[in-house]
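Dear colleague,

Please find below the structure that I am handing over to you. My notes on two parts of the fold follow it.

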Amino acid sequence: MTESSVGKADAARMQTPAKLKKGTMRIVPLGGLGEVGRNMTVFELNGKLLIIDCGVLFPEEHQPGVDLILPDFSYIKDRLDDVVGVVLTHGHEDHIGAVPYLLRLREDIPLYGSKLTLAFVEAKLAEHRIKANSNIVVEGEVAQIGNFECEFVAVNHSIPDALAVFLRTEAGTVLHTGDFKMDQLPLDGRITDLRHFARLGEEGVDLFLPDSTNAEVPGFTVAEREIGPVLEAKFARARRRIIVASFSSHVHRVQQVLDAAAVHGRKVAFIGRSMVRNMGIAERLGYLDVPQGVLVDLKQIDSLPDHKVVLMSTGSQGEPMAALSRMANGEHKVQINPGDTVILASSLIPGNENSVFRVINGLMRLGAEVIHKGMAKVHVSGHASAGELLYCYNILRPKNVLPVHGETRHLIANGRLAAQSGVPEENVLLAEDGSVIDMKDGVAQLVGQVECGYVYVDGSKVGTITDDDLKDRVTLGEEGFISVITVINRQNGTIISGPDIHARGVAEEDSVFNEIKPKIAAAIVEAVGNNPNHSTHQLQQITRRVIGSWVSRKLRRRPMIVPVVLEA
């Protein structure tokens with residue numbers, strides 16, 4: 001992609017989109033562009049809305065106290081009755097995790113997805129006391145969902161039963177891959193159906209929305225089958241307990257752990273509520289084959305010798321409340337002992353690096369040997385690398401391309417691949433969350449931008465926490481807190497009490513503030529003398545400026561300052 005094409009895209013984003021005309025389809029990504037997670041795209045045609053995916057993003061260190069980050073539903077909040085359905089491409093949290101929050105707004109929105117995907121969603125909805133309006137679809141099936149004819153295509157990913165979706169509309173055709181790769185030797189034998197892709201390519205793909213997560217990675221993604229022998233070798237070498245951490249929905253990886261445990265005579269216990277729930281569903285539906293006698297309840301682990309134990313845990317991304325993090329902090333009922341082997345069977349999601357390294361350090365401090373992807377082939381990605389994406393471009397020959405699912409660098413890299421394969425550069429649309437793309441007669445273009453921010457889930461609160469609140473939390477955690485209390489007599493303009501200064505999270509003793517107290521008092525007295533009608537709020541702002549400037553210069557800190565001025 002050239003600078004000129006990026007500049008044109010930036011100019012289009014600044015516009016407010018015009019009213020949508022009949023027969024034109026509008027595509028608005030509400031998440032997943034510029035980030036790894038929170039995937040959600042809205043398609044609108046003749047007054048009806050179809051949504052593909054509705055996922056969450058997990059918080060980073062600069063978002064303390066946040067549990068989840070949702071797509072911004074405000075674009076569709078007043079039009080929920082126009083939503084004809086939500087198509088879910090697969091069962092990972094970054095594609096289904098926000099469904100309960102959307103259905104809180106309208107519970108009967110029809111959901112479409114594969115059997116495993118909908119089973120995972122229904123279990124989540126049950127926790128929110130929402131009954132799903134579920135519609136199971138399979139690869140090759142064609143379903144009419146409102147104005148949209150949807151054809152489903154089998155794709156391979158790191159979770160079974162993933163689907164791409166092909167939309168046929170009067171405005172043109174769209175192929176959305178969801179997350180996918182082209183593993184030619186998948187554990188379940190279900191490959192990405194390139195023959196189906198080829199048939200769609202012959203029919204004509206007007207707009208292609210491909211997964212961009214691995215677009216920067218050259219070549220082809222390693223096959224899942226290569227992980228099994230590596231895990232077995234690590235199991236053979238381990239002398240004490242083995243703890244394997246993975247995503248709670250990674251059925252293929254759990255299958256490999258179960259198989260390796262069976263070979264080496266070990267018992268496996270699941271740790272983490274989502275792991276227990278998801279693997280129970282996968283086993284019940286036939287996606288997980290549990291060897292006879294291998295799986296045991298966590299309560300039975302203490303009665304087994306260490307060399308007979310495998311713990312399959314959540315927390316591979318360093319999530320603070322996940323099982324592995326609590327083990328590393330010594331806060332879990334499972335205690336890490338010297339000689340234990342911990343295998344992190346996952347990739348690092350961008351933004352989680354520090355959290356994961358903190359967990360690794362904690363585990364090693366307790367005497368565990370930690371094995372991760374950087375040391376051994378204990379995980380492979382679930383996303384198509386550059387070579388696979390080029391195959392798709394050459395098979396499909398799309399007219400227009402809108403890279404999705406990835407950070408900005410991933411989207412740009414995917415756009416370059418599209419251009420290299422022959423897609424005209426002006427037809428490669430680099431968008432971001434909230435971008436508006438209109439398509440008519442197979443021609444797609446960026447036409448503007450809608451409001452699209454982060455919506456934070458903090459405990460039971462949804463959307464009430466703002467970016468300013470998070471900045472305050474970061475300031476409190478990093479810079480500390482200073483309160484200044486002053487009591488004045490407005491009648492004669494004198495100070496009766498204070499300024500009293502108290503600090504928390506600041507290394508210096510409170511006595512260090514004796515130097516600035518007279519200056520605060522003088523500033524308040526002067527302000528009241530010049531204007532007896534100064535409000536207490538104005539006097540508090542004067543206090544904030546005086547002590548803030550002094551603290552910044554003297555202590556080299558920028559703490560949160562809470563000034564209080566009272567009238568006697």
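Predicted model: local features only at pLDDT ≥ 70, side-chain atom pairs only at ≥ 80, totals over all residues.

The strands concerned are β1 (residues 25–31) and β19, which run antiparallel and are joined by three bridges.

Ile-437 also has a bridge partner in β20, namely Leu-446. Strand β20 covers residues 443–449, and six bridges join β19 to β20, again in an antiparallel arrangement. These two strands form a hairpin with two residues between them. Within the turn, Asp-441 has a positive phi of about 50°.

Is β19 mostly covered or mostly open? Strand β19, residues 435–440, is mostly covered, since five of its six residues are buried.

Second part: a helix pair

Two packed helices are described by the angle between their axes and the distance between the axes. For helix α14 (residues 517–530) and helix α15 (residues 536–554), the angle is about 145° and the axes are 9 Å apart. The crossing of α14 past α15 is right-handed.

Which residues of the two helices meet? From α14, they are Lys-519, Ile-520, Ala-523, Ile-524, Ala-527 and Val-528. Their counterparts in α15 are Leu-539, Ile-542, Thr-543, Val-546 and Ile-547. The residues of this contact comprise nine nonpolar, one polar and one charged.

With kind regards

Notes: Residues numbered from 1 in each chain as written. Heavy atoms only, no water. Axes fitted to C-alpha atoms, helices over the stretch in contact; angles between N-to-C directions. Helix = DSSP H or I, 4+ residues; strand = E, 2+ residues; numbered from the N terminus. Left-handed = near helix turned anticlockwise from the far one by under 90°. Contact = heavy atoms within 4.5 Å. Nonpolar A, V, L, I, M, F, W, Y, C, P; charged D, E, K, R; others polar. Buried < 20%, exposed > 50% of the residue type's maximum accessible area, 1.4 Å probe, protein only. Pairing = 2+ DSSP bridges.
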